[in-house]
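Please look over the sequence and the model shown here. The briefing that follows covers strand pairing and a charged contact.

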Amino acid sequence: FQQILNGENTLTLEVDDGKTTTEWTATFTKNVTRAVLSLAQPLTADDTITVAALTLEGSFPADMSLSVEMTNNALDDSPAWETVTDIQRGERTAFVHHAFTTKTAARGFAFNYKVTIARGASGVGGNITMIGGVIG
């Protein structure tokens with residue numbers, strides 16, 4: 001479903017049992033305006049994770065909402081998600097920097113992020129083509 005673009009779409013289903021063919025058609029409109037991105041598996045570390053930086057590349061309309069949360073104890077039963085306030089955003093790149101306040105990890109230090117993007121009032125869509133970064 002993620003590869004279907006926003007807008008009006010048509011789905012046609014054809015069934016053939018060798019004797020009779022039946023066709024069914026449905027028209028629907030897809031209008032995704034919000035997405036949350038995260039790592040499927042946290043990145044583990046041998047030592048305390050104190051800082052992290054992410055670079056996001058794509059297309060960021062001026063009125064698009066962008067929020068980022070990070071954790072350095074992603075393996076714990078209740079990870080401490082910290083809201084990132086240092087986000088510098090342009091039209092095609094966003095830079096995120098964070099110093100963690102959490103200093104403990106019951107199951108070892110592991111990094112993860114949650115990037116939440118939402119379309120603004122203008123209705124102009126954007127995209128994220130790459131997320132990369134470093135932890136330390």
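Which residue in β7 does Glu69 stand opposite? Glu69 stands opposite Thr83.

This is a predicted model, in which local features need pLDDT of at least 70, side-chain atom pairs count only at pLDDT 80 or more, and totals for chains, interfaces and linings use all residues. Residues are numbered from 1 along each chain as its sequence is written, and side-chain values use heavy atoms, with hydrogens and water left out.

**Strand pairing around β6**
- Strands are DSSP runs of E with at least two residues, numbered from the N terminus, and two of them pair if DSSP finds at least two bridges between them.
- Strand β6 (residues 65-71) runs antiparallel to strand β10 (residues 110-118), and seven bridges join them.
- Within this pairing, Val68 is opposite Val115 of β10.
- β6 is also joined to strand β7 (residues 82-83), by two bridges and again antiparallel.

**The β1-β2 hairpin**
- Ten bridges link the antiparallel strands β1 (residues 7-16) and β2 (residues 21-30).
- Thr12 faces Thr25 of β2.
- Four residues separate the two strands of this hairpin, and Gly18 in the turn has a positive phi of about 95 degrees.

**Salt bridge**
- The structure holds one salt bridge (a side-chain nitrogen of Lys or Arg within 4 Å of a carboxyl oxygen of Asp or Glu).
- Arg107 forms a salt bridge with Asp77, with the closest N and O atoms 3.0 Å apart.
- Arg107 lies in the loop between β9 (93-99) and β10, and Asp77 in the loop between β6 and β7, so the pair ties together parts that are 30 residues apart in sequence.
- Arg107 is exposed, at 52% relative accessible area.
- Asp77 is exposed, at 64% relative accessibility.
- Exposed means over 50% relative accessible area, buried under 20% and partly exposed in between (1.4 Å probe, protein chains only).
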